[in-house]
Amino acid sequence: PYKVVHLASAHHGLAKNVARKREGLLTYTPGPKLLKADEYLHLDVLRRSQILFLNESEWQRAKSILNVSDQNEVLDYGPKVVVTTLGPRGATVHYRD
């Protein structure tokens, strides 16, 4: 088994299956398809992920889908860390101790 699995822009069936079977660290990036269809934010995968990565556009879409106002609220869905990339401005990292 792999120690780290990163799911990026994965089809729902594949993402769900991998998330259920994984051992170790699971990281997740819904990817640009999220901007076209809400179902690319797989809530079951989000619940099993330790780290969620989003860019600024994906964060705006995820915020609407999850009905949250900031990244700290996303932590209630399961991830221990939420990273929002900001292009050349770097990234923000939100986590709970």
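Predicted model: local features only at pLDDT ≥ 70, side-chain atom pairs only at ≥ 80, totals over all residues.
**Notebook: salt bridges**

Residues are numbered from 1 along each chain as its sequence is written, and side-chain values use heavy atoms, with hydrogens and water left out.

I searched for salt bridges (a side-chain nitrogen of Lys or Arg within 4 Å of a carboxyl oxygen of Asp or Glu). The structure holds four salt bridges.

Glu56 pairs with Arg89 in a salt bridge, the closest N and O atoms being 2.6 Å apart. Arg89 lies in the loop between strand S4 (81–85) and strand S5 (91–95) and Glu56 in helix H3, so this pair ties together parts 33 residues apart in sequence. I took helices (H or I, at least four residues) and strands (E, at least two) as DSSP runs, numbered from the N terminus. Arg89 is exposed at 57%.

Next I checked Asp38 and Arg61, whose closest N and O atoms are 2.2 Å apart in their salt bridge. Asp38 sits in the loop between strand S2 (25–29) and H2, and Arg61 in helix H3 (residues 56–66), so parts 23 residues apart in sequence are tied together.

Last, I looked at Lys16 and Asp44, a salt bridge with closest N and O atoms 3.9 Å apart. Lys16 is partly exposed at 29%, whereas Asp44 is buried at 14%.

Definitions and conventions. Buried < 20%, exposed > 50% of the residue type's maximum accessible area, 1.4 Å probe, protein only.
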